[in-house]
Amino acid sequence: MAHTTVEKTPVTLLGLGAMGTALARTWLAAGHPLTIWNRTPARAAALTAEGASVADTAAEAVAANPLVIVCLLDDASVEEALAGADLAGRDLVNLTTGTPAQARARAEWARERGARYLDGGIMAVPPMIGVPEAGGYVFYSGSRELFERHRKTLAVPVGTTYVGEDAGFAALYDVALLSAMYGMFAGVAHAFALIRKEDIDPASLAPLLADWLVAMAPAVHQTADQLRSGDYTKGVVSSLAMQVAGTPTFLNTAEQQGVSPELLSPYFELMRRRLAEGSGEEDLTGVVDLLVR
């Protein structure tokens, strides 16, 4: 009986920080031939023992395989690492965190050097890599053909979500989600600050706060629907006028608790501006338009 073996796509990986190392281990474990390079060679030692081939230079690593994945500190590091590499005919996947403008410029930079380009935004931390149930994934944007060609290989460490031909979209989705995360963290910080001086165990507030945030999360769908339709009064439960009227309670409570209102005040000011310019029957969605310059 004849046996067939499915060959795994060889991968070159530049960058062995915490994320790069986690990515490397998943490709190695899945049987992908892996060539690695890192500015600090010592970080490659453990991966060598696991089967990776180490290149002395980034240029040598790029030359080793058609699929080149970059996971470095920043866009400037990518420029420096690839300065002497021949990218002609290479499939370059950049998982380095950057801005949408940097991704678009890097895509053009890659095209000028004869490479095909995908940009990626990693929505995971290193412990989530190689753990499907953890729910991590990577946004990809740029060449759809390139994404489809390497989809299975890219999905080995973590899930994949393609978001468009515009190379800047992966970074934009990434930063949009993380911006919302930091907004949530700001609200959580303010909530815990309010009880900080009281005889209240933070652990008793935590489950209530977590459940409340989960309950509020579906509001993002209504905001999206209102933005799409242009009707900010659609499905309103608590009007802008009502919510603006309630803001002094939050500010007065913060003052009485000895808590700075600096995390709330900017948003409340935007709410008041929107009320002055728009309709009190609206939802809070109009604040989005005030933020867009």
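## Pairing in the sheet

In strand 7, F139 is the bridge partner of G121, where strands and helices are DSSP runs numbered from the N terminus (E over at least two residues for strands, H or I over at least four for helices). The model is a predicted one, in which local features need pLDDT of at least 70 and side-chain atom pairs count only at pLDDT 80 or more, while totals for chains, interfaces and linings use all residues. Residues are numbered from 1 along each chain as its sequence is written, and side-chain values use heavy atoms, with hydrogens and water left out.

Six bridges pair strand 6 with strand 7 in the antiparallel sense, two strands being paired if DSSP finds at least two bridges between them. Strand 7 also pairs with strand 8, in the parallel sense and over five bridges, and here Y137 stands opposite G159 of strand 8. Five of the six residues of strand 7 are buried, that is, under 20% relative accessible area with a 1.4 Å probe and protein chains only, whereas exposed means over 50% and partly exposed lies in between. Strand 5 and strand 6 (residues 116-123) run parallel and are joined by four bridges, with V93 opposite L118 in strand 6.

Taken as a whole, the open sheet has eight strands in the order 3-2-1-4-5-6-7-8, with mixed pairing; its edges are strand 3 (53-54) and strand 8 (159-164), each of which pairs on one side only.

## Helices on the sheet

Helix 1 (residues 18-29) lies across strand 1, strand 2, strand 4 and strand 6, and runs at about 165 degrees to strand 1; such angles run from 0 to 180 degrees between N-to-C directions, with axes fitted to C-alpha atoms, for helices over the stretch in contact. Helix 7 (residues 169-195) packs on the sheet and touches strand 6, strand 7 (137-142) and strand 8, its direction making about 10 degrees with that of strand 6. Contact here means heavy atoms within 4.5 Å.

The buried residues of helix 4 (residues 75-82) are D75, S77, V78, A81 and L82. They lie on the same side of the helix because they cover an arc of only 155 degrees around the axis, taken from the directions from the helix axis to the C-beta atoms. On the other side, A76 and E80 are exposed. Among the elements covering the buried residues are strand 1 (11-14), helix 3 (58-64) and helix 5 (100-112).
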